Amino acid sequence: MKILAFAVREDEIESFNRYSKKFSLDISFESKSLRPDTVFLAKGFDGVTFLGNCNVNQEVLKKLNSYGIKFIASRSVGYNNVDLESAKKYEIKVSNATYSPYSVAEFALMISMMMLRHIPKTIKHIEKNNFSLNGLLGREVRNQQVGVIGTGKIGKIVYNLFKSLGASVVAYDLYQNNKDINYVCLDELLKTSDIITLHTPLTAENYHLIDKNSISKMKNDVIIINTARGELINLIDILEGLNSNKIGGVAFDTFEKEVGIVHKDCSEKGYDYQELKNLLTKENVLITSHQAFYTEQAVSDMVESALKNLIEFNRDGTAQNEII
Ligand code: COI
């Protein structure tokens, strides 16, 4: 089977080489993302793997179908970048990946604690030679109520990590199927939590789940954490909540319209995104570069998982992580 891997980063090559040897695969690498103007590169291949930053829309799927490609495997968990209706129409099977959920869960805990102890503000102060304690009085995790939105693999670990530190933890999920989790309705979570952390996939229904309306229900001084998908949160409404001091702080590893900025070095050219620039002027904001997943373990798992899915699609017509 001939596989083309799109959006390959340097740090993935070692894992690709290791697993292509282990599974006897013929893999070609492409650093460009999979999108309408690059899909032609897939001609002559049997299967394709890509990442969450690719744009697998109708045009891409139509072309893949015309090249005879019958299955594609994402190396990401989130698959909101794939037009599943078109995949069905063009009879292309799609899988997502499974990888160590501890990568993202530990990151969410870390940035939550950084916000509780005002670390973004501390860094900004120290850069200006201000070593005073002014404005840095912190809060202990065990005295917080944490609201976890989404209790899949990652959310469950986040829930347990905060519990193990003595926090009171509640969760909201459309599917309340874990007897060890204290589920509440979304409104109660919003009204009672000191920290709200998002771990739900992005769907048409939860686009801008956090907006003016949901922010108005939150406690004053709330901390909002996003390591899921940027489009879950309306950035303009967050800026308003920060400006009015309703929100105590935000730590976003993902933010809406991030494609073209995250995972890129924009230090020379800059970037054109005023809301992000406004957020970055604030002392109670921490922005990271969609890197919560980025551990040695998770990167290796992502490659292994996608390749296994392609092998299974090719051999059995179905795969462990088949979405459709
Ligand atoms: C995912 O796996 O869904 C991610 O967010 C990571 C990725 C975009 C590299």
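Helices are DSSP runs of H or I with at least four residues, numbered from the N terminus. Axes are lines fitted to C-alpha atoms, for helices over the stretch in contact, and angles run from 0 to 180 degrees between N-to-C directions. This is a predicted model, in which local features need pLDDT of at least 70 and side-chain atom pairs count only at pLDDT 80 or more, while totals for chains, interfaces and linings use all residues. Residues are numbered from 1 along each chain as its sequence is written, and side-chain values use heavy atoms, leaving out hydrogens and water.

**Helix pair**
- The axes of α1 (residues 13-22) and α11 (residues 296-316) come within 9 Å and cross at roughly 35 degrees.
- In contact (heavy atoms within 4.5 Å) are residues including Phe16 and Tyr19 of α1 and Val303 and Leu307 of α11.
- The residues of this contact between α1 and α11 are five nonpolar, three polar and three charged.

**Ligand**
- Around the ligand (a heavy atom within 4 Å) stand Ser76, Val77, Gly78, Tyr99, Arg229, His290, Phe293 and Met302.
- Polar contacts are pairs of N or O atoms within 3.5 Å.
- A backbone N or O atom of Val77 lies 2.7 Å from a ligand oxygen atom.
- For Tyr99, a polar side-chain atom lies 2.6 Å from an oxygen atom of the ligand.

Technical notes: A polar contact is a pair of N or O atoms within 3.5 Å; within protein, one must be able to donate a hydrogen and the other to accept it, and residues adjacent in sequence count only if both atoms are side-chain atoms. Helices (H or I, at least four residues) and strands (E, at least two) are DSSP runs, numbered from the N terminus. Ala, Val, Leu, Ile, Met, Phe, Trp, Tyr, Cys and Pro count as nonpolar, Asp, Glu, Lys and Arg as charged, and the others, Gly among them, as polar.
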